[in-house]
Amino acid sequence: MGVVTYNYESTSPVAPARLFKAFSLEADKIWPKAAPQAVKSVEVEANPGPGSIVKINFAEGLPFQYMKHQIGGHDDKNLSYSYSLIEGGPLGDKLEKISYDNKFEAAAGGGSLCKSTMKFYTVGDNVITEDEIKAQIKGSEGVYKAVEAYLLANPDACN
């Protein structure tokens, strides 16, 4: 097994605390409303705390039916959270899991800066390329941008 680490940053006009809530604490409520074309439902096993499993069911017609995340933890004070994609989605035969560490910070001109560190754990001698990683990011950007648009259109959400 190999591990490839990739760092990624994105900006948003939405405040960091609201994005943090939408992606970590209230994803089960927000994602299906914000991105119904992609996310059919989000199921949380028990309370969304460390070790809990979150199943994201995708809309029909998408390449994947579902994926499961295992929550690593979240820090309300520092607006950071971690999880691992452990089943379904883009893992296929090549990846054992993908671990994510995300942090939302205030951007200099307002809005947010999201800093993500992703670790891709490959199966056996498989290799993941930078182009494959960028394709993974592009795939998840659709939901990210839909959640962002939802928060902008619904100023009372995730406050």
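The following is a conversation about the terms used to describe this predicted model.

Biologist: What is the overall make-up of the protein, in helices and strands?

Modeller: The protein has three helices and seven strands. Along the sequence they come in the order β-α-α-β-β-β-β-β-β-α.

Biologist: What makes the protein as compact as a globular protein of that length?

Modeller: The radius of gyration is 15 Å, and the globule rule gives 15 Å for 159 residues. The two values are close, so the protein is called as compact as a globular protein of that length. The C-alpha trace spans about 45 × 35 × 30 Å along its principal axes. Of the 159 residues, 42% count as buried. The accessible surface is about 8500 Å², and carbon and sulfur atoms hold 51% of that surface.

Biologist: How many of the contacts join residues at least 24 apart in sequence?

Modeller: The share is 49%, taken among contacts between residues at least 6 apart in sequence.

Biologist: Why are helices H1 and H2 called roughly perpendicular?

Modeller: H1 covers residues 16-25 and H2 covers residues 27-34. They pack at an angle of about 100°, with axes 6 Å apart. Angles of 65 to 115 degrees count as roughly perpendicular, and therefore the term applies to H1 and H2. On the H1 side the contact is made by Lys21, Ala22, Phe23 and Leu25, and on the H2 side by Ala27, Asp28, Ile30 and Trp31. By class, these residues are six nonpolar, no polar and two charged.

Biologist: How do you know that H2 is roughly perpendicular to H3?

Modeller: The angle between H2 and H3 is about 95°, and their axes are 9 Å apart. That angle falls in the range of 65 to 115 degrees, which makes H2 roughly perpendicular to H3. Here Ile30, Trp31, Lys33 and Ala34 of H2 meet Val143, Ala146, Val147 and Tyr150 of H3. The contact has seven nonpolar residues, no polar ones and one charged. Ile30 and Trp31 of H2 also take part in the contact with H1.

Biologist: Why is H1 described as largely enclosed by the rest of the structure?

Modeller: Seven of the ten residues of H1 are buried, so the description applies. The buried ones are Pro16, Arg18, Leu19, Phe20, Ala22, Phe23 and Ser24.

Biologist: What makes phenylalanine 20 count as buried?

Modeller: Its relative accessibility is 2%, and buried means under 20%. Phenylalanine 20 therefore counts as buried. Leaving aside neighbours within four places in sequence, phenylalanine 20 is in contact with Leu25, His74, Asp75, Asp76, Leu79, Ser80, Tyr81 and Phe104. One of these, tyrosine 81, is 61 residues away in sequence, with a C-alpha to C-alpha separation of 8.1 Å.

Biologist: Leu79 is among those contacts. Where does leucine 79 lie, and is it buried or exposed?

Modeller: Leucine 79 lies in the loop between strand S4 (66-75) and strand S5 (80-88). At 17% relative accessibility, it is under the 20% limit, so leucine 79 counts as buried. Phi of leucine 79 is near 55°, a positive value in a residue other than glycine.

Key
Residues are numbered from 1 along each chain as its sequence is written. This is a predicted model: local features need pLDDT of at least 70, side-chain atom pairs count only at pLDDT 80 or more; totals for chains, interfaces and linings use all residues. Side-chain values use heavy atoms; hydrogens and water are left out. Axes are lines fitted to C-alpha atoms, for helices over the stretch in contact, and angles run from 0 to 180 degrees between N-to-C directions. Helices (H or I, at least four residues) and strands (E, at least two) are DSSP runs, numbered from the N terminus. Angles under 35 degrees count as roughly parallel, over 145 as roughly antiparallel, 65 to 115 as roughly perpendicular and the rest as oblique. Contact means heavy atoms within 4.5 Å. Ala, Val, Leu, Ile, Met, Phe, Trp, Tyr, Cys and Pro count as nonpolar, Asp, Glu, Lys and Arg as charged, and the others, Gly among them, as polar. The radius of gyration is taken over C-alpha atoms; the globule rule is 2.2 Å times the number of residues to the power 0.38. Buried means under 20% relative accessible area, exposed over 50%, partly exposed in between (1.4 Å probe, protein chains only). Accessible areas come from the Shrake-Rupley method with a 1.4 Å probe; for residues, only the protein chains shown count as cover.
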